[in-house]
Amino acid sequence: MPAAYLFDLDGTLYQNSAAIPGAVDLIRRLKSQGTPFRFLTNTTSKARSAIVTRLGSYGFPVESHEVFTALLAGAELARSLGCRRLLPLVPEQALEDLEGFELVGEPDAVLVGDLAEAWSFDLLQQGFAALLKGARLIALSRDRYWMTERGLTLDSGPFVALLEDAAGVKALVAGKPSAAFFEGAVESMSLPAGIPRSEIVMIGDDLRGDIAGAQAAGYAGYLVRTGKYQEDQLQGSGINPERILASVAELL
């Protein structure tokens with residue numbers, strides 16, 4: 001049995017405004033057994049508090065410290081780089097997780113998250129202009145798409161690539177598949193010393209961000225056939241999950 005779990009959220013624990021069948025029971029069982037876990041998400045459209053509320057509405061027993069987000073990781077990365085002024089390309093409701101930063105004036109860093117239908121030429125131009133003046137580019141994720149009620153939908157990765165190409169810079173990645181993101185989540189669990197990384201499992205529906213990212217950091221990766229899973233993408237990818245599950249309910 002794994003020593004600890006890292007769970008992706010959208011497409012893994014819930015989908016289309018409902019919990020994946022069996023997912024709530026799984027988390028409750030892990031809590032009752034005292035098995036450490038963290039909820040990991042590249043979602044940048046909401047602050048952590050809203051994500052906690054959403055999980056709770058689906059019946060998941062969750063505390064704020066158990067949710068590890070790309071936006072919070074991006075804020076920490078910006079602080080480590082000495083950045084004080086940010087241009088946050090994220091929805092307004094997510095800005096509460098950027099407390100302590102100045103969000104006006106000449107930015108030290110451009111944070112790129114998921115703006116969905118709110119993307120515009122003007123916003124991309126603002127980011128491009130800031131990068132040309134020396135701002136750092138911080139990608140909260142490089143996810144290319146995710147599963148919504150309309151089907152596979154563009155995520156922030158293509159817009160990160162656009163800004164990189166236009167400004168001739170390379171983004172620093174704060175969320176998955178960054179090794180630092182996985183490591184930060186594991187460190188927050190305060191596990192006993194000596195546990196091999198291979199006994200810590202990341203479970204998700206994203207072959208590259210969840211599985212390949214975790215494996216590159218030394219952790220195991222379990223791929224679920226829910227969310228944005230695509231069989232043809234798995235074949236020939238060169239990525240070999242330790243397990244492939246119909247859904248997280250198989251862990252019960």
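This is a predicted model: local features need pLDDT of at least 70, side-chain atom pairs count only at pLDDT 80 or more; totals for chains, interfaces and linings use all residues.
Now colour the elements around it. Helix H2 (48-57), strand E9 (145-148) and strand E10 (151-154) each give two or more residues to the lining of the largest pocket. E9 provides the largest share, three residues. Switch to colouring by class: the lining of the largest pocket has 15 charged, 10 nonpolar and eight polar residues.

Next stop: the second largest pocket, with a volume of about 220 Å³. Select Phe68, Ala73, Glu76, Ala174 and Ala180, the closest to its centre of the 13 residues that line it. Then show strand E5 (67-69), helix H3 (70-80) and helix H6 (179-187), each of which supplies at least two residues of this lining. The largest share, four residues, comes from H3. By class, the lining of the second largest pocket has eight nonpolar, three polar and two charged residues.

Last stop: a helix pair. Select H4 (residues 121-132) and H5 (residues 157-167); their axes come within 10 Å and cross at roughly 45°. The two helices are therefore oblique to each other. The crossing of H4 past H5 is right-handed.

Which residues in H4 and H5 meet? On H4, show Leu124, Gly127, Phe128, Leu131 and Leu132; on H5, show Phe159, Leu162, Leu163, Ala166 and Ala167. This contact has nine nonpolar residues, one polar and no charged.

Definitions and conventions. Residues are numbered from 1 along each chain as its sequence is written. Side-chain values use heavy atoms; hydrogens and water are left out. Axes are lines fitted to C-alpha atoms, for helices over the stretch in contact, and angles run from 0 to 180 degrees between N-to-C directions. Angles under 35 degrees count as roughly parallel, over 145 as roughly antiparallel, 65 to 115 as roughly perpendicular and the rest as oblique. A crossing is left-handed if the near helix is turned anticlockwise from the far one by less than a right angle, and right-handed if clockwise. Contact means heavy atoms within 4.5 Å. Ala, Val, Leu, Ile, Met, Phe, Trp, Tyr, Cys and Pro count as nonpolar, Asp, Glu, Lys and Arg as charged, and the others, Gly among them, as polar. On a 1 Å grid over the protein atoms alone, a cavity is a set of points where a 1.4 Å probe fits but cannot get out, and a pocket is an open set with protein on both sides within 12 Å along at least five of seven lines; lining residues have an atom within 4 Å of a point. Grid points are joined across faces, edges and corners, and a volume is the space filled by probe spheres set on the points.
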